[in-house]
Amino acid sequence: MILLFLLLLGLITYFIVQRGVASSTTTPVWMLWLVMMTPALAWTLWILIQGEDQPPPLGLMIALFLISSLLYLYLIQAGRSSPPDPATDEGQEQSRVTSTSSLTVEQQKQLQQCFPWSAYALHETEFKGQVVICRGQLRTSSEVAYQTVREKIEAQFGDRFLIVFQESFEGKPFFILIPNPQFEAKTPQPRLTRPMTALGLLALTVLTTTLMGTLAFSDLVSPELEANPNLLLENPSLLAPGLPYAIALMTILGIHELGHYVMARRYKIKATLPYFIPVPFFLGTFGAFIQIRSPIPNRKALFDVGIAGPLAGLVATLPIFLWGLSLSDVIAASENTSMFNFDSLNPKATVVLAILSKIALGNQLTGDMALNLHPVAVAGFLGLVITALNLIPVGQLDGGHVVHAMFGQRTAIAIGQISRLLVLILAFLHQEFLWWAIFLLLMPIADEPALNDVTELDNGRDFLGLLALVILVMIVLPAPPTLIEWFYG
């Protein structure tokens, strides 16, 4: 079983490396894959030799993770072609041109004229196939420079290019002109949204979540159903008790995705309707998603679209969870009481749980009590978990978009690596977070850049982003003894 899991993990990791960085570095994919897989290979080898009952030393795993992460980033950077030093004459208006271009000589001259010296002094133009990389020196604010250059390029070349303004790993802004896939499209573009598909998946997910809710809480419905789930085929009305769980969970997931969708439409970003993923096991669903079909214009839009989902989902989660907690049973704590045991939930497991449980149940809840969660409370608890998972600042998670927009891509990659390490440590302390750690290790650490990926956010958005990270910490951080003493006496 362990070897099968390692094989599956290796295949997924190879696919991620190949799709994520193979085109941006000359370092062989197999070498990057081997470095990325080192912690998983070491963990598997330890278990095969020592057995599953004796986990590998935490210090060893942390050291392997840090070494492999640093080596992985070094190999990617070492495989990038180092650009020549930019021209030192600040008044120089002519740029060097390297490689072979699909543009004519006249078009290359026109392109150079699109970079006014007062906005962005162009020093070098490099052509890689259809992609044009323009390096130089910023002469004004990043926002003014991007708008000036973009308007001139669009005036000269129409919508032939997507104009990306990005920072190098050395912190120097540069332009990338990417062929617009819609410019030379000969066939009609596919429909952006498919309402009937979205509605069909919604209805099917309501069914699967209702089914799983009914089976999970069958002891509350009928002892016969708990012993024989096939009774549902004979009497579908037995599904009715699963509806509170299904409706509550679907509401949270739907509002989360609608937050992304509405904010994307506000910025005129092409996005599909939310699509739910039904599964006849686990929670009844793997969540929902929307697809972004056009580039993100700037870091402000990246931030707003990224944070809108978790905040909207949290606004829906809090009243649902509080209501569910008020319907839950207070029981005596036992050795089975834990953070993820819905029959005996530890209300003091995290800061948010401690606060919300006390608000909902008041004096009924004392320090030696646990909770037998009502189905609505289970959905609310899962809403908190979904919010926390999405706010983790890694890669293409919502939290990854937020820190990318706040600090830039370079710093966001470093924050993502630290976050993965912290979740890995948390997985050693609490086995429930093991799947989180594996999921994050598989996720690409770099987020896709916005078109203007240089202009920074305003103070209000920076504060909101930091508040979102505080919410993440409060959801997963164990409640300190002082807070427990204050609330529970």
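I checked the length of helix H6 (residues 195-216): its 22 residues at 1.5 Å a residue should span 32 Å, and its end C-alpha atoms are 31 Å apart, which agrees. The expected span is 1.5 Å times one less than the number of residues. Helices (H or I, at least four residues) and strands (E, at least two) are DSSP runs numbered from the N terminus.

The model is predicted: local features need pLDDT of at least 70, side-chain atom pairs count only at pLDDT 80 or more, and totals for chains, interfaces and linings use all residues. Residues are numbered from 1 along each chain as its sequence is written, and side-chain values use heavy atoms, without hydrogens and water.

I then looked up burial (buried is under 20% relative accessible area, exposed over 50%, partly exposed in between; 1.4 Å probe, protein chains only). The buried residues of H6 include Ala 198, Met 212 and Gly 213.

I next examined Asn 390, which lies in helix H13 (residues 375-391). Asn 390 is buried, at 18% relative accessible area.

I turned to aromatic pairs (ring centres of Phe, Tyr and Trp, its six-membered ring, within 6.5 Å; planes under 30 degrees apart are stacked, over 60 edge-to-face, the rest tilted). I found 11 aromatic pairs by this rule. The ring centres of Tyr 120 and Phe 175 are 5.0 Å apart with planes at 85°, so this pair is edge-to-face. The pair joins strand E2 (residues 120-128) to strand E5 (residues 173-179), across 55 residues. Tyr 120 is buried at 0%, and Phe 175 is buried at 0%.
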